[in-house]
Amino acid sequence: MTEPESFVIRTAVPGDAEPLGLLDRATWSTLHAVAPAPAEPYPPFFDERHAPEDYLVAECDGALLGYVRVGRPTPLASNAHVRQIQGLAVADEARGRGVGRALLRAALAKAAADGATRITLRVLGHNGPARALYAAEGFTVEGVLPGEFVLDGEPADDVQMGRSLP
């Protein structure tokens with residue numbers, strides 16, 4: 001693994017909406033996305049369900065390199081102790097620089113600081129690089145929904161992963 005280059009992780013702000021939307025569209029792929037490819041007119045990146053404070057961004061010299069979204073899986077009080085990774089994207093030109101790992105670690109720290117004791121995520125079965133990263137950071141497979149999605153005419157498993165937080 002290479003050492004991460006100099007970048008900062010911070011909470012997103014409203015002014016990040018346009019560059020995050022561009023990044024999101026540039027990184028769209030059936031490797032990780034189950035929704036159709038983005039098409040104009042593009043919806044706003046931030047909305048009532050996706051607030052800036054739900055996102056951590058990696059930034060270097062004013063350019064956004066990636067983001068992670070951390071939210072609650074449900075509004076129920078009975079699982080208020082759980083947070084969920086609900087999106088992680090890294091710009092193609094920033095891959096291999098430790099950005100994804102740094103974002104994931106920042107998300108774990110944010111969730112723990114918010115009082116969470118558990119964190120979960122969902123990842124497509126064929127997304128080997130993401131699954132390897134998550135496993136290296138302590139996530140284990142907790143369930144698989146075989147063929148849950150059909151992408152490009154092929155079935156894709158929905159893999160559910162989770163881990164405890166300190």
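This is a predicted model: local features need pLDDT of at least 70, side-chain atom pairs count only at pLDDT 80 or more; totals for chains, interfaces and linings use all residues.
Start by selecting β5 (118-124) and β7 (154-164): seven bridges join these two strands, which run antiparallel.

Residues are numbered from 1 along each chain as its sequence is written, and side-chain values use heavy atoms, with hydrogens and water left out.

**The sheet around β5**

Now bring up β4 (82-90) on the other pairing of β5. β4 and β5 run parallel, joined by four bridges, and valine 82 has arginine 118 in β5 as its bridge partner. Follow the chain from β4 through α2 to β5 and you trace a right-handed β-α-β crossover (with the strands pointing away from the viewer, the path from the first strand over the helix to the second runs clockwise).

How much of β5 is buried? Five of its seven residues are, so the strand is largely enclosed by the rest of the structure; buried means under 20% relative accessible area, exposed over 50%, and partly exposed in between, with a 1.4 Å probe and protein chains only.

Zoom out to the open sheet: seven strands in the order β1-β2-β3-β4-β5-β7-β6, with mixed pairing. At the edges are β1 (8-11) and β6 (140-151), each with a single partner strand, so one side of each has no neighbour in the sheet. From one strand to the next, the twist averages 25°.

Next, pick β2 (55-60) and β3 (63-71), which pair in the antiparallel sense over six bridges. Alanine 58 sits opposite glycine 66 in β3. Show α1 (17-26) too: this helix lies across β2, β3 and β4, at about 85° to β3. α2 (99-113) also packs on the sheet, touching β1, β2, β3, β4, β5 and β7, and its direction makes about 160° with that of β4. Contact means heavy atoms within 4.5 Å; axes are lines fitted to C-alpha atoms, for helices over the stretch in contact, with angles from 0 to 180 degrees between N-to-C directions.

**Over to α3**

Select 128-136, which is α3, and colour its buried residues: Ala130, Leu133 and Tyr134. Look down the axis and they fall within an arc of 95°, so they line one face of the helix; the arc is that of the directions from the helix axis to the C-beta atoms. Their cover includes β4, α2, β5 and β7.

Step back to asparagine 127, in the loop between β5 and α3. A side-chain oxygen of asparagine 127 comes to within 3.2 Å of the backbone nitrogen of alanine 130, at the start of α3. Asparagine 127 is buried, at 6% relative accessible area, and touches Leu31 and His32, leaving aside residues up to four places away in sequence. Just past α3, check glycine 138, where phi is positive at about 95°.

**Last stop: phenylalanine 45**

Phenylalanine 45 lies in the loop between α1 and β2 and is buried, with a relative accessible area of 14%. Beyond residues up to four places away in sequence, phenylalanine 45 touches Ala17, Leu20, Gly21, Asp24, His50, Tyr55 and Tyr67.

Technical notes
A polar contact is a pair of N or O atoms within 3.5 Å; within protein, one must be able to donate a hydrogen and the other to accept it, and residues adjacent in sequence count only if both atoms are side-chain atoms. Two strands pair if DSSP finds at least two bridges between them.
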